[in-house]
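Colleague: Please take me through some of the labels on this model. I would like to see each value set against its cut-off.

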Amino acid sequence: MAKKKTRGEGKSTYFRKLYQEHPDWLGTKSNELAFSQYRTDNNLPPEAEIPQDIKVALSNAKMMERSITQNKTKKAAKKAAAASPTAAKSSAPVAKVLKNLDTLEESIDECITAARSIDREGLHSLIIHLLKARREVIWKMGQ
């Protein structure tokens, strides 16, 4: 009977561990620190080009770690707000704002769909603006 191959550490797993070891790197726009560490760990020369699949794995891992960190922060804030005596008063307006932002996002989505169905090429710049507006609404919802 053939032996099963043992799998090594995946690319994303490597970068997730790297960001867990260096959480301050999550706040930077540049990935050069992570690429430098990757080159060192894989015995590559400092000027070696990083393959595209490694760049994608790093990007995905960074996004996931940021998401996890943000979720932990949100949970801690909710827990602290629930512990305070004014929490019941302050949570109602926040819920209303989030509901309104959710409605706004859905409306923008409908506008994007309509613009694409009317004239995708002719309304390209409008669609770009709508996509930017949608991203900003989503960003506001995440705060």
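Colleague: What is the volume of the second largest pocket?

Modeller: The volume of the second largest pocket is about 270 Å³. The model is predicted: local features need pLDDT of at least 70 and side-chain atom pairs pLDDT 80 or more, while totals for chains, interfaces and linings use all residues. Residues are numbered from 1 along each chain as its sequence is written, and side-chain values use heavy atoms, without hydrogens and water.

Colleague: Which residues line the second largest pocket?

Modeller: Its lining consists of Arg 66, Gln 70, Lys 74, Ile 138, Trp 139, Gly 142 and Gln 143. Helices α3 and α5 (124–142) each give two or more residues to that lining.

Colleague: Why is Glu 65 called buried?

Modeller: Buried means under 20% relative accessible area (1.4 Å probe, protein chains only). Glu 65 has 5% relative accessibility, so Glu 65 counts as buried. Glu 65 lies in helix α3 (residues 52–83).

Colleague: What makes the pair Glu 65 and Gln 20 a polar contact?

Modeller: A polar contact is a pair of N or O atoms within 3.5 Å; within protein, one must be able to donate a hydrogen and the other to accept it, and residues adjacent in sequence count only if both atoms are side-chain atoms. The side chains of Glu 65 and Gln 20 make such a contact at 3.4 Å.

Colleague: Why is Arg 39 called buried?

Modeller: The relative accessible area of Arg 39 is 12%, so Arg 39 is buried. Arg 39 lies in helix α2 (residues 32–41).

Technical notes
Helices (H or I, at least four residues) and strands (E, at least two) are DSSP runs, numbered from the N terminus. Buried means under 20% relative accessible area, exposed over 50%, partly exposed in between (1.4 Å probe, protein chains only). On a 1 Å grid over the protein atoms alone, a cavity is a set of points where a 1.4 Å probe fits but cannot get out, and a pocket is an open set with protein on both sides within 12 Å along at least five of seven lines; lining residues have an atom within 4 Å of a point. Grid points are joined across faces, edges and corners, and a volume is the space filled by probe spheres set on the points.
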